[in-house]
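Reader: I am new to this and would like to learn how to read it. Could you walk me through it, please?

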Amino acid sequence: MKLMTFEFTQEYKTYIKSPRWKAVCARYWGVYGKKCQACGSRKSLHVHHKTYERFGRELLADLTGLCQTCHRLVHQTHRANRSVSLRLVTERFVAAKRKS
């Protein structure tokens, strides 16, 4: 049986739909601008957790803005090798996309 990852738990789903998370996202976009930090797209944007360490009490440094495509690719890369932290996978992905 495949283990569920945190982002598929009920706790995660409930929080992501909450007014509290919406306020965190608005604060993030206000500080960093509404664009994907990897590719620069301004469409289909998500605020991505680089870590779940402080889930529900995130620091803005725990988050990054990604478009839907980049967000999917970051999680796909992380799921392929969970021995590397989500933060490191995210930071490497963003840096590589900015160079291309």
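Author: Gladly! Let us begin with cysteines: a disulfide is a pair of cysteine sulfur atoms within 2.5 Å. This is a predicted model, in which local features need pLDDT of at least 70 and side-chain atom pairs count only at pLDDT 80 or more, while totals for chains, interfaces and linings use all residues. Residues are numbered from 1 along each chain as its sequence is written, and side-chain values use heavy atoms, with hydrogens and water left out.

Reader: How many disulfides does the structure hold?

Author: It holds 0. The closest cysteine sulfur to that of Cys36 belongs to Cys39, and at 3.7 Å it is too far for a bond. Cys67 is in no disulfide either, as the nearest cysteine sulfur, in Cys70, is 3.6 Å away.

Reader: Is Cys36 buried or exposed?

Author: Buried means under 20% relative accessible area, exposed over 50%, and partly exposed in between (1.4 Å probe, protein chains only). With 1%, Cys36 is buried, and Cys67 is buried at 7%.

Reader: What span should helix 3 have?

Author: Helices (H or I, at least four residues) and strands (E, at least two) are DSSP runs, numbered from the N terminus. The expected span of a helix is 1.5 Å times one less than its number of residues. Helix 3 (residues 68-80) has 13 residues and should span 18 Å, which agrees with the 18 Å between its end C-alpha atoms.

Reader: Which residues of helix 3 are buried?

Author: They are Cys70, His71, Val74, His75 and His78.
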